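I opened this notebook to keep a record of what I looked up, entry by entry. The structure comes before the entries.

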Amino acid sequence: MKIVLTGFMAAGKTTVGKKIAAYKNFNFYDSDDLITEREEMSIKEIFEIKGEKYFREVEKRVITELLNSKEDLVLAPGGGAVLNQELREMMINKAEVFCLDISAEEVLKRNSESKIVRPLLEVDKPLDMVRSLLEERNQYYAEIPFHIDSEKYSAEAIADIIIAELPDQKLNIEIKNKDQAYPVIIDQEYKQNSFESVISKVRNRKVLLLADKKVIAEHSEPVIKKLKNAADVIEFNLEAGEKIKDLSVLEKIYTLLYENSFSRSDYLIAFGGGTIGDLGALAASTFLRGIKLIQMPTTLISQLDSSVGGKTAVNFRETKNLIGSFYQAEIVYYQLEWLKTLEKAELKSGLGEVIKYAILGGNPLFNILKENKDKILELDKDLMLEISKISLQMKDYYVSQDVKDQGQRKKLNLGHSFGHAVEGAEKFRYKHGEAVVMGIAFTAFLSNKIGSLSDQSFKEIIELINIYDYQLFPSAAVGAEKLASYIAHDKKIADNKMWWVLINDIGDTYLSDKFDHNNIQKHMEEYLCKKWL
């Protein structure tokens, strides 16, 4: 996480920044100090010898390097750094940025009490100079989402305010081969500064808010009011479920976008679970060949999996996710508070994807799931933050190097071919995560039978599934032949090869193309007969 404190000279950025850095155990940087060190001369000497233009160029390089680093840090840039539009946008997009406000009179008062030499104040009429500079810069400071009156609060109080407004978790999803990155902002509950990251994107734009009716009824405030105050919002509320992932519903979204003259600079916000997110993302990716997308996921499965990574889709002829695209959001924002109203079936569906990550990555996630059932089902906030972080970091690892599912990202499909077949064959009677867990159980069976998964590890996987009371099998009416017919249309078949994710051990998986329609049906028959139990 990067925290940036902007504001005019003498506003207290360095004093406050050091307090925040000490609390968070982050490194603190003052850009003026770094410039002085790099140039081996004081700020006053740089201004006198090389001029302000040169100073601003060095300042831009120093701040850019820090914001592009992997380090957690607190930065106090010089008061004039906001003059550079590129720097302003970078601070807003890459950091938690706060502005400390101060009056011209207070600037001179604090400056008179300070030993710091400020070249811009060494003039005949410093008050007039400060007023002129403030007038010039205030329009740029206004772009910073969160302001604090530095004359009203002490440095300690300002630090406390900022710490309270920091997101509980912020991850950066980086698409390496597309030179693209976007934040995933996670809060336990609503925080103004975190949500300003969304508001700053949509301000003065058109927004199609595609939302779950139930979510709107339970979680609309204060986020919807904030959106409507900032943007021209058109609402389209739906009853979420697999039934809305349909071309007919997609057409209704296109019609709304067309009739309201949306442009490529406008936004679609998906506010709901996985079906809302999948549908909304496909609409955003295809209307005008791409309008801007923000994901606000509200279910466990969408928060930890489907809202991140760029997969979009609708179903076709009872086949899961057959029509879709790859399209990344500009930002993903969610609150763990939104999970509290989930029905148990939705929570278990989301945990199915977490079990997938536990098998892909092994410990610590596997043991966290095995040892903390009650806390997880009660949505313990600290535990859910940890699970979110581990799951999304794993998603980032696979997605960043393989955006379009051509190589290692296929491992994220662990359990999905079988699971999607169950969903289709059962007419979506089972939630997605519940069906995926059946697929994981079948994959563990297959890996033990024909691969190298040991009996002990196979037993541990099945035991974990049983801890959370998942079903291992679809209904008796759904046999191997029917499942195989759905798998024949699976989108993961490429070059006439049926790719399957197999398990060497917990935390160790591999891709296999040794299967075809006939032998996979035979293996499913052996699994469904239950003799192995």
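Entry one. I looked up serine 285 and found this residue in helix 13 (residues 274-286), where helices are DSSP runs of H or I with at least four residues, strands are runs of E with at least two, and both are numbered from the N terminus. Serine 285 counts as buried at 10% relative accessibility, since buried means under 20% relative accessible area, exposed over 50% and partly exposed in between, with a 1.4 Å probe and protein chains only. Leaving aside residues up to four places away in sequence, serine 285 touches Gly290, Thr312, Ser325 and Tyr327, a contact being heavy atoms within 4.5 Å.

I noted the basis of these values: this is a predicted model, in which local features need pLDDT of at least 70 and side-chain atom pairs count only at pLDDT 80 or more, while totals for chains, interfaces and linings use all residues. Residues are numbered from 1 along each chain as its sequence is written, and side-chain values use heavy atoms, with hydrogens and water left out.

Entry two. I turned to strand 7 (residues 180-187), which is largely enclosed by the rest of the structure because six of its eight residues are buried. Strand 7 runs parallel to strand 14 (residues 331-335), and four bridges join them; two strands pair if DSSP finds at least two bridges between them. I traced valine 184 to its bridge partner in strand 14, valine 332.

I checked threonine 14, which lies in helix 1 (residues 13-24) and is partly exposed, with a relative accessible area of 26%. Its contacts, not counting residues up to four places away in sequence, are Phe28, Asp30 and Ala76.
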